[in-house]
Amino acid sequence: MDLGSPITWTQCDPCSNCYPMQRSPFNTKESSTFRELGCYSETCLDPRMKELLGNCTSWTCRYNVNYGKESSSFGTMVIDTLNFERSNNELKGFIMGCGDSYEGPYRAQFSGVLGLGRGPLSLQSQLNAKAFSFCLVNFGSQTASTLEFYDRAPQIDKHDNSIIMVPLRENSGYPNYYFLQFVGISINGFMLDVKSSVWGYGLNYDGGVILDIGSIATYLPSEAYNVFKLEIRKVDHNLTREQAHEDLELCYKDDSFNVYPSIALHFENGNVAGENFVSFNMNNDQMLLRVDEGTVCLSFVEGKDSNLTVIGSNQLQGTQLMIDLVKEILVFIHNKC
């Protein structure tokens with residue numbers, strides 16, 4: 001699942017350059033409803049998809065989707081029927097990608113990407129869903145979470161203190177992402193002294209804050225990360241510091257008696273009732289990553305090559321996320337997994 005991918009794709013046979021997978025690639029010859037899309041199909045000529053589908057040189061419609069600077073998938077756009085086993089539903093005429101080559105690292109257990117980003121070819125758009133939700137279960141959990149789509153957004157109890165509502169906005173520089181109206185980060189109750197423009201708050205479109213459930217840690221732009229690191233170093237004297245672990249710099253000896261700084265993320269309030277801003281207070285599981293036996297690190301990393309702030313899955317574990325596509329609101333519901 002990827003909240004920034006504009007399409008769904010899976011690796012298909014025949015495959016000239018597929019990454020190794022635990023499962024076999026999708027055998028298109030076994031599907032009676034499968035067909036390829038041509039260069040002059042309505043989908044391939046859609047101006048909204050020009051960046052993704054703009055390299056049509058043969059009769060088939062080709063896609064090229066990039067994930068950051070490390071990974072890419074290339075292939076043919078196709079149509080088939082998508083089946084939902086649990087709800088016993090199907091989506092006929094589902095448009096997706098059939099990957100036949102790639103660049104960068106992909107894990108063998110992944111068959112492809114389920115596209116939940118903005119755009120006409122995301123799964124929720126093709127379902128005409130008005131909202132969708134899922135839970136990021138805690139690491140190591142034996143319980144799975146369902147991904148649910150709604151033809152009407154569920155009613156939210158606006159007086160429930162476990163619920164946070166945050167406005168979403170678009171950013172023309174990153175058209176596939178859901179951007180959050182982010183205010184800042186506090187440590188032990190004190191807001192970091194970071195300019196609002198760094199968070200992309202207001203009219204600044206160079207940066208901004210997104211969710212990326214494909215990233216584990218949270219990435220902060222250099223200007224924000226340097227302030228964050230400096231403030232943490234002022235309040236972590238009671239902890240035994242350890243060596244950095246790859247990009248994770250703020251690491252400590254794990255001890256059940258450790259008292260870690262409190263860290264909270266602050267957003268504009270998307271609820272008509274209440275304060276102007278709302279806070280997402282992280283517990284230790286959401287703040288820390290266990291990198292080695294006896295060593296934990298704060299799961300915040302310097303995003304050296306980007307103006308984006310990327311909130312990763314570690315910070316969101318144990319939280320249900322619901323995106324209302326009509327009202328353009330993201331709802332966090334604590335402990336709903």
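**Close-up views of a predicted model**

**View 1. Arg169 stands opposite Phe179 in strand 11.** Strand 11 covers residues 179–180 and joins strand 10 through two bridges, with the two running antiparallel. Strands here are DSSP E runs of at least two residues, numbered from the N terminus. Two strands pair if DSSP finds at least two bridges between them. This is a predicted model, in which local features need pLDDT of at least 70, side-chain atom pairs count only at pLDDT 80 or more, and totals for chains, interfaces and linings use all residues. Residues are numbered from 1 along each chain as its sequence is written, and side-chain values use heavy atoms, with hydrogens and water left out.

**View 2. Strand 10 is mostly covered.** The strand spans residues 163–169, and seven of its seven residues are buried. Buried means under 20% relative accessible area, exposed over 50%, and partly exposed in between (1.4 Å probe, protein chains only). One side carries Ile163, Met165, Pro167 and Arg169. The other carries Ile164, Val166 and Leu168. Strand 10 also pairs with strand 25 (residues 329–334), antiparallel, over five bridges. Pro167 has Ile329 of strand 25 as its bridge partner.

**View 3. The largest nonpolar core has 54 residues.** Those with the most contacts inside this core are Leu180, Ile185, Phe228, Ile263, Phe267, Leu298 and Phe332. The core lies between domain 1 (9–128) and domain 2 (153–334), because both give residues to it. Domain bounds come from an automatic or database domain assignment. A nonpolar core is a set of buried Ala, Val, Leu, Ile, Met, Phe, Trp, Tyr and Cys residues joined through side-chain atoms within 4.5 Å. A second, separate core of 19 residues includes Leu37, Leu53, Ile95 and Tyr106.

**View 4. Ile185 and its contacts.** Neighbours within four places in sequence are left aside. Among the contacts of Ile185 are Phe190, Trp199, Leu220, Phe228, Ile263 and His266. Contact means heavy atoms within 4.5 Å.

**View 5. Thr28 sits in the loop between strand 2 (26–27) and strand 3 (35–36).** Thr28 is buried, with a relative accessible area of 10%. Beyond its neighbours within four places in sequence, Thr28 is in contact with Cys12, Asp13, Phe34 and Cys98.

Definitions and conventions
Helix = DSSP H or I, 4+ residues; strand = E, 2+ residues; numbered from the N terminus.
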